[in-house]
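Here is a briefing on one protein model, grouped by topic. Please look over the sequence and structure first.

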Amino acid sequence: MSAQPIDWSKVPHTELVSDSEDDTEVVEAKVGEKQRREEEAKAERHRQKEVRKVEEAQRAEEARRVEEER
């Protein structure tokens, strides 16, 4: 290996960050993902609740029709 100086103009530019900055970005990403999953779970519970309401209304209507036919 030669001891020639590095020509920094040929080295691709990268943003140097400290470990703590990097750790902060990782934590923020994880928090964001957790919030997204929680929101999705909440939306799914709401959807299932609405489906149950519709099914209960349909059963009640069917029971009412059966009762009227008697």
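Asp 22 sits in helix 1. Helices are DSSP runs of H or I with at least four residues, strands are runs of E with at least two, and numbering starts from the N terminus. Asp 22 is partly exposed, at 37% relative accessibility. The cut-offs are under 20% relative accessible area for buried, over 50% for exposed, and partly exposed in between (1.4 Å probe, protein chains only).

This is a predicted model, in which local features need pLDDT of at least 70, side-chain atom pairs count only at pLDDT 80 or more, and totals for chains, interfaces and linings use all residues. Residues are numbered from 1 along each chain as its sequence is written, and side-chain values use heavy atoms, with hydrogens and water left out.

**Overall form**
- Along the principal axes, the C-alpha atoms fill a box of roughly 100 × 20 × 20 Å.
- Of the 70 residues, 0% count as buried.
- The chain exposes about 7100 Å², and carbon and sulfur atoms supply 53% of that area. Accessible areas come from the Shrake-Rupley method with a 1.4 Å probe; for residues, only the protein chains shown count as cover.

**Charge and surface patches**
- The chain carries 15 positive and 21 negative side chains. Lys and Arg count as positive, Asp and Glu as negative; His and the chain ends are not counted.
- The centres of the two sets lie 8 Å apart. Each charge is placed at NZ of Lys, CZ of Arg, CG of Asp or CD of Glu.
- A negative surface patch gathers Glu 15, Asp 19, Glu 21, Asp 22, Asp 23, Glu 25 and Glu 28. Patch residues have over 30% relative accessible area and no salt bridge; like charges are joined within 9 Å, and nonpolar side chains (Val, Leu, Ile, Met, Phe, Trp, Tyr) within 5 Å.
- Ile 6, Trp 8 and Val 11 make a nonpolar surface patch of about 340 Å².
- Ile 6 lies in the segment before helix 1. Ile 6 counts as exposed, at 52% relative accessibility.

**Salt bridges**
- The count comes to ten salt bridges. Each needs a side-chain nitrogen of Lys or Arg within 4 Å of a carboxyl oxygen of Asp or Glu.
- Arg 37 pairs with Glu 33, with the closest N and O atoms 3.7 Å apart. The two are four residues apart in helix 1 (residues 19–69), so about one helical turn separates them. Arg 37 is partly exposed at 45%, and Glu 33 is partly exposed at 32%.
- Arg 47 and Glu 44 form a salt bridge at 2.7 Å, N to O. They are three residues apart in helix 1, so about one helical turn lies between them. Arg 47 is partly exposed at 44%, as is Glu 44 at 33%.
- Glu 61 and Arg 65 form a salt bridge at 3.6 Å, N to O. They are four residues apart in helix 1, so the separation is about one helical turn. Glu 61 is partly exposed at 30%, and Arg 65 is partly exposed at 39%.
- A network of salt bridges links Glu 61, Glu 62, Arg 64, Arg 65 and Glu 68.
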